[in-house]
Every structure is written in C-alpha cells, then in structure tokens.
Amino acid sequence: MAKSAAKPAQRTKSAASATAARQNETSRNGANVNGQRHAAGLSVARGTPERNQRDSLAGIWDYAPAPETSKVTIADRYGLFIRGKFTEPRAGKAFATINPANEERLSEIAEADGADVDAAVSAAREALPRWSSLPGAERGKFLYRIARRIQERARELAILETIDGGKPIKESRDVDIPLVAQHFFYHAGWADKLQYAFPGRSPRPIGVCGQIIPWNFPLLMAAWKLAPALACGNTCILKPAETTSLTALRLAEIFAECELPPGVVNIVTGAGATGAAIVNHAGIDKIAFTGSTDVGKKIAMAVAGTSKRLTLELGGKSANIIFDDASIDQAVEGIIEGIYFNQGHVCCAGSRLFVQEGVVSEVVRKLRIRLASLRVGDPLDKNTDVGAINSREQLTKIEGYLRLGADEGGTLCQPGSAALPKKGFYCRPCFFTGVQPSHTIAREEIFGPVLAVMTFRTPEEALLRANNSPYGLAAGVWTDKGSKILEIARKLEAGVVWLNTYNKFDAASPFGGFKESGFGREGGMHGLRAYVEV
Ligand code: NAI
Ligand code: MG
C-alpha cells in the first residue's frame, strides 16, 4: 500500500497576507550563495529601537505555511538489496522507521543478520572480477547514468530524506541531493583517469568494501562512500543507519533502473549488530566507516591484526574563530551556518566558538537577535530553518548536555517563543556563554543545535584553545587579514579549514580528520587513495 508522505505544515499562527508573502520574498532574496540559509524575514535589528520594534511585531507577523506538497510513495516494507534484487532477510526480522517530525511510522525495514551479510558479501565477491576489469570509461558511464537519474528524481529523494531524518526540506533540496549527484558526476570523471591520479603507478581496486554510514546526511554519506569505490572498480556492501534507511533503498532502485550489474552494490539494513557483522566478515577487504568516535574505536580494534584496510570519519568539536577585524555581520551568519545547519547534526559543526575579547559583546548581541529569527518546526515547510532532531535518543542526549552546561556554570541563551509542534523531536537552537574550556559542553560532541561561546585575546591563544581538543575535523577563521588567515590555517590541527565561510562542501575537495576525528580522506583526488591499491 502506498502512503502519501507530504503533510501540510502544522502552524499555529498563520497570516496568509500580502505582508507575509512579502516576507517570504525577502527570505528568498536573502538566501546565501548556496541557498542554505535564509536571512530573517523581519530585518535584523541592530540597535535597541529596531529590536524593540521587532519584538513588538513578533506574534503579529508570521510566515504563511509553505509546505512541500509533492507526493512520495513509501512501501509498507523494504527488503535487503542483494545481487540486484530486493530480498527478504533470512531470519524474517524487521524494524520500524519513523518520521522524527511527527513520530509517525513510515515503513518497516529488514534487519540483516550474519547470514544476510554473508549473502551480500558473496554477491559482491562474484560481481568483482567483471566490474573491476571493465574499462574505466565503461564504469564511468554507469556512474554518469546514476548521477543523471539522481538529478531527475531529486525532488522525491529530498522529500524522502526530510521525512525519514528530520532535516529541513530546503537543506535536503538545496544541499544534500545536489551534492549526492555531484559526487557521482565527479567520480564518473575519474573512472577512466585513475592513472593520472597516481602517476607512474598502476592503481588496482581493493576488492569488496564494507561501508557503514550515519544518519545525519544519509544519502550524501552513501554517495561519498559508493561513488569513489565504484569508480575505482570495487564492489560494495553498504549499511545505512537504522533511523534513515529509506533514501539508500531508493538509491538501490536507481541502481537497478540504471542496470548496474547485480552484486556491484548491495545494501543491507539494520543496526549496530548488522554493522558489526560487516566489520567482522572475513570476505571483506576494506571497511569505511562514518559515525561516532566510540564505534570507530571498536571497529579499529576489530580490524586490527587482519588484512582489512580501514578509513574512519568520526566525531568532531570544531573551532570557529572570530577575530576582532572580521566583518561581524558576515561572521554571525557563518556561526549560524556552522552550528545550526542540519540541527547541528554535523560532524564538522562549528560547535566551539572563539571570539576575540573586543568584539564578544557585539557578536553575542547579534547572535541572539539572529537566533530569535530562526524558524524551528515542520521540516517539510520550505521556510523552516531548523527541523526535527533525528531521534528521541538524540534529543534526550542533547537535553542532557543542556542541563550539564548550566550545572557546570554556563549561561544558556535559547531565544524564540513560537510554539513547537506538539509531536516529534525538537530543540530550539541555543548557545552558552560563560563557558570554560574544561566544561563538558566545550569538550564533547553534542551533535545538536548547541554552541559553546568562549573568548581569546591573542592569535596565539586562539590557536592554543582551538587545538586543545582530542578532535581535529574542521575549523573556521574569520578575519580581514590575509596574512593572519594563512598563518592560523597552517597551524590549526584540523582536516578542513574554512576561511571567512563555514560548512561548504564540494566533491573535488578532500574531507577528513586529524587525531580522534579519524583518518583517510573522502572526496577529491586524495579520496581515491582509500579505494585503490597502488
Ligand atoms: P553510531 O556511531 O552508533 O552510528 C553510526 C553507524 O554505525 C550506524 O549505521 C550504526 O548502525 C553503525 N554501528 C553502530 N554500532 C556499530 C558497531 N559496533 N559496528 C559497526 N557498526 C556499528 O552513532 P549513533 O549511536 O547513531 O549516535 C551516537 C552519537 O554519535 C551521536 O550523538 C553523535 O555524537 C555521534 N555521531 C557522530 C557522527 C559523525 O558523523 N561524526 C555521525 C553519527 C553519530
Ligand atoms: Mg526515520
């Protein structure tokens, strides 16, 4: 039975007036380069009079609902994608996937056990000789075809991603899915040029790759793993995260449509035990994992002493550094982009903010105003800035950190008074001031819309504080001075450093961490190295 997935927005207040329509227009015009964030509908108040005016207008003016209304069909039940076909799991087990925005059940997903993983590994192993010996240009054709089909089905994929995971539709539509297509296009281009990526060597595929991905960018992480693996001639077993399997299963349909040879990609669904069965399977040559540092460490231990290759992309606690010579309004947008994008469920989120002392009061004042203008709620509403937290467990975890932050002496600022939807998992974006580097919220990955604000006096102190973390995934630097940018970027222990911007991604740009954020790179020429023997 097919279900209609798109639901009308649930908004308590709606002023479907010309005024509201004009505000929507303002919002669209205010989109940044990537269209990822929209400026406040009501203009950002800079001084007290405007702020008072804004506050007095809050509740009178509101956005009219702008729900995404296209229908997406979701099957009642999904099997495992093995050898090019959907099959029932051997043990017949399944689990539910829900919409975190309203807690409604969406579908039932097969739970793969060791025997199913074994079947997927056999399929990948059998498909390997033909796939790996295809001329690169022929493999590239498959990848181009898949990329084009993803573009054609982009709207459906964006809606499904939002319904299953809770991210705002404007992010899945404008960021996730376009990047998914871009990763397939980009790697299609490499398929017949691998010898140029490794001059003087003869790159060969590694073999059968087990790939385990998280729930924060479900389809994008699938693309980051599958596209380079396939371009390099490997075959794959992919396991999506248990709360967000639907788009990976839709991708399986696209592979079948594009006549990708059976067994080249197998998709097995399930939770940690299924992941562990992949990690421990003797027939797998390489494990690629993105997820929590705790699970990453377990995987590293399981793989140690075997011949399996391993790449890990783990957690982060990335520093976003604002110098007093930065363009402050621009930096405030970068802070918002850095920590509230995708509800803060971003491994490279700029969750530690370091502001130079002279501008801290200005930054905090503007941040509070900007935060109050973020719209939290129905992820399918095109005006929503911050959607639903991915799961009840994750919401509980975030709320625990909010209590801990206050207990340890931080001051919580969580503006915004509009009602949140009654069902579903939501957390208003917020920040803490009065945070010390020793506080738990300044050290641990929260993976939610929670920012820790700290200060520094000199560039040396900024560097010391930024690098004082077991993690090293990303960082941001905001300054007007080119020389400062180059000097600081060189000394930051982070895999990616954004300069006067944040959270920008491109298939041609390698991504990956230092220290406990993992090892190996994904994307760009560097990312190919993880999928070849040279
Ligand atoms: P997780 O690391 O448990 O899940 C990631 C993936 O690993 C999922 O597909 C899961 O099924 C799989 N997995 C779990 N246990 C496994 C095992 N023993 N062997 C193999 N695969 C296994 O993350 P979880 O529990 O969903 O989230 C917990 C916390 O982890 C979050 O609050 C967040 O702080 C962090 N996290 C970080 C991510 C990142 O990209 N940096 C992504 C997801 C979570
Ligand atoms: Mg779900």
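How many nonpolar, polar and charged residues does the lining of the largest pocket have, by class? Hold that thought.

First, the ground rules. This is a predicted model, where local features need pLDDT of at least 70, side-chain atom pairs count only at pLDDT 80 or more, and totals for chains, interfaces and linings use all residues. Residues are numbered from 1 along each chain as its sequence is written, chains are lettered from A and ligands numbered from 1 in the order written, and side-chain values use heavy atoms, without hydrogens and water.

Now the answer. The lining has 18 nonpolar, 13 polar and eleven charged residues. Here Ala, Val, Leu, Ile, Met, Phe, Trp, Tyr, Cys and Pro count as nonpolar, Asp, Glu, Lys and Arg as charged, and the others, Gly among them, as polar.

A pocket is an open set of points on a 1 Å grid over the protein atoms alone, where a 1.4 Å probe fits, with protein on both sides within 12 Å along at least five of seven lines; lining residues have an atom within 4 Å of a point. The largest pocket holds about 1100 Å³ of space. Its lining counts 42 residues, and Trp-215, Phe-289, Gly-291, Ser-292 and Val-295 lie nearest its centre. Helix H11 gives the most, seven residues.

What takes up that space? Ligand 1. Around ligand 1 there are 26 residues, and Trp-215, Glu-242, Ser-292, Gln-394 and Lys-397 come nearest. Near means a heavy atom within 4 Å. By class, this shell has 14 nonpolar, eight polar and four charged residues.

Next, the polar contacts, pairs of N or O atoms within 3.5 Å. An N or O atom in the Trp-215 side chain is 2.6 Å from an oxygen of ligand 1. Glu-242 places a polar side-chain atom 2.7 Å from a ligand 1 oxygen. For Gln-394, the distance from a polar side-chain atom to a ligand 1 oxygen is 2.7 Å. Ligand 1 alone exposes 800 Å², and the protein buries 85% of that; areas use the Shrake-Rupley method with a 1.4 Å probe.

Last, the elements. H10 (272-279), E10 (286-290), H11 (293-303) and H14 (392-407) each supply at least two shell residues. H10 has the largest share, three residues.

Terms used: A polar contact is a pair of N or O atoms within 3.5 Å; within protein, one must be able to donate a hydrogen and the other to accept it, and residues adjacent in sequence count only if both atoms are side-chain atoms. A molecule sits in a cavity or pocket if more than half of its atoms lie within 2 Å of its grid points. Helices (H or I, at least four residues) and strands (E, at least two) are DSSP runs, numbered from the N terminus. Grid points are joined across faces, edges and corners, and a volume is the space filled by probe spheres set on the points.
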